[in-house]
Amino acid sequence: MLEAGLSVLAIDTAPEAGPTLKRRFPEPWRDGRLTFKVADFAKDDLDLPFATLINASFCLPMCPSRRFDGLWNSINSALAPGGLFAGHLYGPRDSWARRGDGLTIHTRNDAEALFAAWRVLLFEEEESDSITPRGNLKHWHVFHIVAHKSRAEISTP
């Protein structure tokens, strides 16, 4: 996205992720086009800028269920009509759904309802077993979603 001349906002809970991310890209892209923000879905309300693409890869389930509606409203308000959303939601058979630590888990019907007014380009449900980046065995139940926000869904940031 940076190479294409777009601006990118990256959000992570770990402050050290910002400098690590910025070191991966050439200097001209770091100033003004690549912005890093520290935020925690459990504590922070996100003030997202107006965007034509929101990529929420494997992060939305980390939002506590009591705060998910607010986060989703922020995403929906920030995404321009005609914009694209790409992201993941965890299903009830995901092994982390049983941890009891406040993750947001969606049934297929719940996930589909979030995108009822959108044009869904991809909605793929996956279940598989694999090793996490930290070396732990995990059963994944994931919904992979790419959706185009209807131009009729006009929101203001």
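**View 1. Four strands line up as β3-β4-β6-β5 in an open sheet with mixed pairing.** At the edges we find β3 (51-56) and β5 (119-131), each with a single partner strand, so one side of each is left without a neighbour in the sheet. Helices (H or I, at least four residues) and strands (E, at least two) are DSSP runs numbered from the N terminus, and two strands pair if DSSP finds at least two bridges between them. On average, neighbouring strands here are turned by 10° against each other, direction ignored. Angles like this one come from lines fitted to C-alpha atoms, for helices over the stretch in contact, and run from 0 to 180 degrees between N-to-C directions. A word on the source: this is a predicted model, in which local features need pLDDT of at least 70, side-chain atom pairs count only at pLDDT 80 or more, and totals for chains, interfaces and linings use all residues. Residues are numbered from 1 along each chain as its sequence is written, and side-chain values use heavy atoms, with hydrogens and water left out.

**View 2. Here β5 meets strand β6 (residues 137-148) in the antiparallel sense, over 12 bridges.** Look for Leu-122, which stands opposite Val-146 in β6. The loop between β5 and β6 holds Thr-132. At 10% relative accessibility, Thr-132 counts as buried (under 20% relative accessible area; over 50% is exposed, in between is partly exposed, with a 1.4 Å probe and protein chains only). Not counting residues up to four places away in sequence, Thr-132 touches Trp-96, Lys-138 and Trp-140, where a contact means heavy atoms within 4.5 Å.

**View 3. On the other pairing shown here, β3 runs parallel to β4, with 5 bridges between them.** Ile-54 stands opposite Phe-85 in β4. As for β4 itself, 10 of its 12 residues are buried, so the strand is largely enclosed by the rest of the structure. Ala-56 also belongs to strand β3, and with 4% relative accessibility it counts as buried. Between Ala-56 and Gly-87 there are 31 residues in sequence but 4.4 Å in space, C-alpha to C-alpha. Leaving aside neighbours within four places in sequence, Ala-56 is in contact with Phe-85, Ala-86, Gly-87 and His-88.

**View 4. Helix α3 (residues 65-78) packs on the sheet, where it touches β3 and β4 (79-90).** The direction of α3 makes about 145° with that of β4. With 14 residues, α3 reaches 20 Å from its first C-alpha to its last, close to the 20 Å expected at 1.5 Å a residue; that expected span is 1.5 Å times one less than the number of residues. Buried in α3 are Phe-68, Leu-71, Trp-72, Ile-75, Asn-76 and Ala-78. Seen down the helix axis, the buried residues of α3 fall within an arc of 160°, so they line one face; the arc is that of the directions from the axis to the C-beta atoms. These buried residues pack against β3, β4 and α4 (108-114). Turned away from the buried side, the other face of α3 carries Arg-66 and Asp-69, both exposed.

**View 5. Now for the rings: a search of the whole structure turns up 13 aromatic pairs.** Phe-68 and Trp-72 have ring centres 6.3 Å apart and planes at 10°, so this pair is stacked. For the record, rings of Phe, Tyr and Trp (its six-membered ring) pair if their centres lie within 6.5 Å; planes under 30 degrees apart count as stacked, over 60 as edge-to-face and the rest as tilted. Both partners sit in helix α3, 4 residues apart, about one turn of the helix. Phe-68, Trp-72, Phe-85, Phe-115 and Trp-118 form one aromatic cluster.

**View 6. Trp-96 and Trp-140 make a tilted pair, since their ring centres are 5.8 Å apart and their planes at 50°.** Trp-96 lies in the loop between β4 and α4 and Trp-140 in strand β6, so the pair ties together parts that are 44 residues apart in sequence. Trp-96 is partly exposed, at 22% relative accessible area, while Trp-140, at 14%, counts as buried.

**View 7. Last stop, Phe-58, in the loop between β3 and α3.** Its phi is near 60°, a positive value in a residue other than glycine. Most residues other than glycine have a negative phi. Phe-58 is partly exposed, with a relative accessible area of 34%.
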